[in-house]
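Please look over the chain below before reading on.

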Amino acid sequence: MAALNNVELITALISFNWQLGLVGLQLRILNGVVSLLTTEVHNKTLAAYLSEQSGASGNLQMTTATLEVLACIAFRQPISQAEIDLLFDADKRGLVVTLRDLKLVEEFAGADGRLRFATTEAFLQRFGLASLQELTWASLSIFHLPQSR
């Protein structure tokens, strides 16, 4: 059995990505986390279910951990992955990827070239905020989290 180093593995995954695209799949690699995504869903029943689960029905359910990371990004934006992980003293990349996939946060390159995260317009709409200026510690109830201050 041959072993691949990280660079060889990532190169192999990227080269295979176009073949996955032919069947409606896509590999995404972000900060060392590999996600398998669907780009097209041809089954109508499955497409309807996925639409409901993604929040189109307004019933987006998120875990407490996901909401905590979202609150962290909302109050500290723009914030880097390293800063998020430091605040939680744990690797939260998977939850950030989930929030990005839900289109509640977006990524961009900061002035220092490091990847940063901030909330989106969809975040404001999801939590009934007109602007980020409405986001206060008192509004933490929209996240259903206990206030820490």
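The text below starts with confidence and then turns to the sheet and a helix.

This is a predicted model, in which local features need pLDDT of at least 70, side-chain atom pairs count only at pLDDT 80 or more, and totals for chains, interfaces and linings use all residues. Residues are numbered from 1 along each chain as its sequence is written, and side-chain values use heavy atoms, with hydrogens and water left out.

**Confidence.** pLDDT is the predictor's confidence in each residue, from 0 to 100. Its mean over the protein chain is 75. Of the residues, 66% reach 70 or more. Over residues 144–149, pLDDT stays under 50. The model has 11 contacts for this stretch beyond four places in sequence; a contact means heavy atoms within 4.5 Å. Where pLDDT is low, the predicted coordinates should not be read in detail.

**The sheet.** Helices (H or I, at least four residues) and strands (E, at least two) are DSSP runs, numbered from the N terminus. Three strands form an open sheet in the order β3-β5-β4, with antiparallel pairing. β3 and β4 stand at the edges, each with a single partner strand, so one side of each has no neighbour in the sheet. Two strands pair if DSSP finds at least two bridges between them; β4 and β5 have 5. Two facing positions are tabulated here.

| Residue | Facing residue in β5 |
|---|---|
| Ala-109 | Leu-115 (bridge partner) |
| Glu-107 | Phe-117 (stands opposite) |

The hairpin of β4 and β5 has 5 residues between the strands. There, Gly-113 takes a positive phi near 85°.

**Ser-80.** This residue sits in strand β3. Is Ser-80 buried or exposed? Its relative accessibility is 2%, so Ser-80 counts as buried (under 20% relative accessible area, with a 1.4 Å probe and protein chains only). The side chains of Ser-80 and Arg-114 are joined by a polar contact of 2.7 Å. Such a contact is a pair of N or O atoms within 3.5 Å, one able to donate a hydrogen and the other to accept it. Ser-80 also touches Leu-115, Arg-116 and Phe-117.

**Helices.** α3 lies across β3, β4 and β5. It runs at about 95° to β5, an angle taken between N-to-C directions from 0 to 180 degrees. In α4 (residues 81–88), Gln-81, Ile-84 and Asp-85 are buried. Seen down the axis of α4, its buried residues fall within an arc of 95°, so they line one face of the helix. They pack against α3, β3, α5 and β5. Asp-89 follows α4, with a positive phi near 55°.

Conventions. Buried means under 20% relative accessible area, exposed over 50%, partly exposed in between (1.4 Å probe, protein chains only). The arc is that of the directions from the helix axis to the C-beta atoms.
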